[in-house]
Amino acid sequence: MTNGTSTAAFPGARSAFERLNPIRAIGELSESRYWMYLLLLPSALLITAVVLYPTLYGIQLSFREMRLNRPDLGTDWVFFKHYARMMSDPIFWVALRNTAVWVTSSIALEFLIGLVAALALNRDLPGTKLLAVLILLPYFLPNVVAGHMWALMLDPRLGVINDVLVRVGLLEGYKAWFADPNTAMAAAIVVEAWHSFPFFTLLILAGLKGIPADLYKAADIDGAGAFSQLRLITLPMLKTIIAAAVILRVIGLVNSPDLLLILTSGGPGRSTQVLSLYAFQTAYKDFNFGYAGALSVVMFILLMVFAWGYIRLSRFNQE
């Protein structure tokens, strides 16, 4: 019996075979609205595995006892014990205050320097392309390299910056910038601003290229000066870019203690102790991963609230 005879004798078998044909099924699926979800499934699984699972694990870690140097305590659920301890922890409140100073001052200084640098590079004067490359060099340096470099330049015995300031008469003698509680945070903020202001420069410069030149020509005709053009044209047109840059830098500053770890390790005293550095030291010096997880959850919540509020405020001002 041939294949033609069998399909003619059993037409139902042929239709069933066509329905079970995988190529035909994929073709029909690609024409439906479910095809989009099928294509997104691998990405969703990857995000769940790489992002969502570690985040949820870190959150549940904050509700458990997890001290590697005290195995006798076990790993039982302690629920809000770490958060209750946090409310009465004086170091937490000092770190929270220092985090606000560290982030606010660094962002303000980085933005101002980045804005000035971007406005200068946007003029297309001779040598600006070379200057743009030189400006980006600090941002290319790893935090470890930048931190050790500045620690040497501000060294109280051999630092070149101290030597220059003494020679020009601004200092009477060499100063231990990172050993003085009154100057340690300010010196660290200057180092951070030097290292990261090119981030603002890049984004603001890209935004300046998209502003129509006709707006500035019309402003010149109306008699608006450079400051008025900056206030009425440039900054309003850059609101979206500035908002994105500020949010990204705030997240980076809150979550990255490496520069402060290299320069001061949170000292002298607690003058440069921030939340991320406190969580790091709690986890890897005290081996208290449960309490460190609670500190990380608090930082996560603060960042979420800040991002939501800043975006809402930016939209309100734009409207």
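A salt bridge is a side-chain nitrogen of Lys or Arg within 4 Å of a carboxyl oxygen of Asp or Glu. In this structure, the side chains of Arg249 and Glu192 meet in such a bridge, at 2.6 Å from N to O. The model is predicted: local features need pLDDT of at least 70 and side-chain atom pairs count only at pLDDT 80 or more, while totals for chains, interfaces and linings use all residues. Residues are numbered from 1 along each chain as its sequence is written, and side-chain values use heavy atoms, with hydrogens and water left out.

**Overall architecture**

- The protein has 16 helices and 0 strands; helices (H or I, at least four residues) and strands (E, at least two) are DSSP runs, numbered from the N terminus.
- Of the 319 residues, 34% count as buried, where buried means under 20% relative accessible area, exposed over 50%, and partly exposed in between (1.4 Å probe, protein chains only).
- The accessible surface comes to about 19700 Å², 69% of it belonging to carbon and sulfur atoms; accessible areas come from the Shrake-Rupley method with a 1.4 Å probe, and for residues only the protein chains shown count as cover.
- Helix 15 (residues 275-284) is largely enclosed by the rest of the structure, because 8 of its 10 residues are buried. Among them are Leu275, Tyr278 and Gln281.

**Annotated transmembrane regions**

- An unreviewed UniProt entry annotates "transmembrane region" at residues 34-56, 100-121, 130-151, 184-208, 229-251 and 289-311. UniProt positions follow the numbering used here, feature names are shortened, and annotations may be inferred rather than shown by experiment.
- Residues 130-151 are 91% helix and 0% strand, with the end C-alpha atoms 28 Å apart.
- Residues 289-311 are 100% helix and 0% strand, and their end C-alpha atoms lie 32 Å apart.

**Salt bridges**

- The structure holds 6 salt bridges.
- Arg249 lies in helix 13 (residues 239-255) and Glu192 in helix 10 (residues 184-209), so their bridge ties together parts that are 57 residues apart in sequence.
- Arg249 is buried at 11% relative accessible area, and Glu192 is buried at 5%.
- Glu110 joins Glu192 and Arg249 in a network of salt bridges.
- Asp155 and Arg157 form a salt bridge whose closest N and O atoms are 3.7 Å apart; Asp155 is buried at 15% relative accessibility, whereas Arg157 is exposed at 63%.
- Lys175 and Asp180 are bridged at 3.0 Å, N to O, and Lys175 is partly exposed at 23% relative accessibility.

**Aromatic pairs**

- Rings of Phe, Tyr and Trp (its six-membered ring) pair if their centres lie within 6.5 Å; planes under 30 degrees apart count as stacked, over 60 as edge-to-face and the rest as tilted. The count by this rule is 14 aromatic pairs.
- Phe63 and Phe80 are edge-to-face, because their ring centres are 5.4 Å apart and their planes stand at 90°.
- Phe306 and Tyr310 both lie in helix 16 (residues 289-318), 4 residues apart, about one turn of the helix. Phe306 is partly exposed at 30% relative accessible area, as is Tyr310 at 22%.
- Phe111, Tyr139, Phe199 and Phe200 form one aromatic cluster.

**A nonpolar surface patch**

- Leu130, Leu131, Leu134, Leu137, Tyr139 and Phe140 make a nonpolar surface patch of about 600 Å². Patches are made of residues with over 30% relative accessible area and no salt bridge, with like charges joined within 9 Å and nonpolar side chains (Val, Leu, Ile, Met, Phe, Trp, Tyr) within 5 Å.
- Leu131 lies in helix 7 (residues 128-140) and is partly exposed at 40% relative accessibility.
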